[in-house]
Amino acid sequence: MIIVTGGAGFIGSNFILSWLKEKNEPILNLDKLTYAGNLNNLLSINAHPNYSFIHGDMGDRNLVRHLLQQHQPRAIINFAAESHVDRSIHGPSEFIQTNIVATFHLLEETRAYFETLDQDRKNLFRFLHVSTDEVFGSLSPTDPPFSETTAYQPNSPYSASKAASDHLVRAWHHTYGLPVLTTNCSNNYGPYQFPEKLIPLMISHALKGKPLPIYGDGMNVRDWLYVEDHCLAIMSVLDKGRIGETYNIGGLNEKTNLELVEVICTQLNQLKPASTPYSSLITFVKDRPGHDRRYAINAQKIMNELLWRPRESFESGIKKTILWYLDHEAWVNNILNGQYRQWLETNYQSRVSV
């Protein structure tokens, strides 16, 4: 048995679906079901004999203690996090509470559980913490990509809170001997991504003929990783990663935001033609505060040590993603409730086009 936190979110739900395809081992999903948690992502495996769901907060120590004692997991994978930079700018408090305080509580209960195990089970146990490349800060166009030894320089409330959680995980290993692993991934994309994130937002807006808002000059660069590739990398780290180590996971696909949106428009022109090219909807809006210019991942360590490589090119992954959203418009529309529309208005429509 393994336990995942945040398994109803984008990456967590994709991980559970991939796990049940790849492994014959039970998995328990502990999720608080905040706005981005969506059990509809997991409808296809609701009756799967190796899947179970608990509605709860990883910061609820009594609940976590009970689950650990009852299920005796051999591993915990921590996906649970507040993860949207724009939301962290508008309201950082939730990011501090979830990404730092709740992670601390989860670590403490895991440590207490770990200390009850016999030596053989201690040798097998792992705590895998899923983090982000945003903790490293921003790169110039000529800087080398982030490596596992790059100094942390977080620039947003979100990345600062994730950096803090990474440091806690490291400290619980070095101080208490908890067998931890940490992964820092680049920008994920793929099925079931909440439509406030760039790729699903652009697809959703384009299909509705709405403006495609791009921050600043559109030259901010991100490395894009197909979510299923990320999930397989996490499995590799869990199975073969060295205790106490960090592994960077990247898609080897650096794109400017403008280039990315233009690719989406070109694909949509072919897959679902409209009366005018979708690129005519591109609108430049005021940049967000502290917007990091470039992220890039050096993934040589995981590729050399664990023999992982991304299966999807950007071209194949983005086509799969767009086709999924075209086939699942009802999934998107179910999310676009009044509260989410209000959030979009707060974040985008209040920005003046530039």
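Helices (DSSP runs of H or I, at least four residues) and strands (runs of E, at least two) are numbered from the N terminus. What you see is a predicted model, where local features need pLDDT of at least 70, side-chain atom pairs count only at pLDDT 80 or more, and totals for chains, interfaces and linings use all residues. Residues are numbered from 1 along each chain as its sequence is written, and side-chain values use heavy atoms, with hydrogens and water left out.

**View A. Gln72 and Leu307, two residues with positive phi.** Most residues other than glycine have a negative phi. Look for Gln72 in the loop between helix 2 and strand 4 (75-78). Gln72 is partly exposed at 32% relative accessible area (buried is under 20%, exposed over 50%, partly exposed in between, using a 1.4 Å probe and protein chains only). Leu307 has a positive phi near 60 degrees and sits in the loop between helix 10 (300-306) and helix 11 (314-327). Leu307 is exposed, at 70%.

**View B. The second largest cavity.** On a 1 Å grid over the protein atoms alone, a cavity is a set of points where a 1.4 Å probe fits but cannot get out, and lining residues have an atom within 4 Å of a point. Points are joined across faces, edges and corners, and the volume is the space filled by probe spheres set on them. Around this cavity you'll find Ile3, Thr5, Leu30, Val64, Leu67, Leu68, Ile76 and Leu106. Helix 2 gives the largest share of the lining, three residues.

**View C. Asp217 and Arg293 join up.** This is a salt bridge (a side-chain nitrogen of Lys or Arg within 4 Å of a carboxyl oxygen of Asp or Glu), with the closest N and O atoms 2.9 Å apart. The partners are 76 residues apart: Asp217 is in the loop between strand 8 (212-215) and strand 9 (221-226), while Arg293 is in the loop between strand 12 (282-285) and helix 10. Asp217 is partly exposed at 39%, and Arg293 is partly exposed at 34%.

**View D. Lys272 meets Glu329.** Their closest N and O atoms are 3.2 Å apart. Lys272 lies in the loop between helix 9 (257-271) and strand 12, and Glu329 in helix 12 (329-335), so this pair ties together parts 57 residues apart in sequence.

**View E. A salt-bridge network.** Arg242, Glu245, Lys301 and Glu305 are linked here.

Terms used: On a 1 Å grid over the protein atoms alone, a cavity is a set of points where a 1.4 Å probe fits but cannot get out, and a pocket is an open set with protein on both sides within 12 Å along at least five of seven lines; lining residues have an atom within 4 Å of a point.
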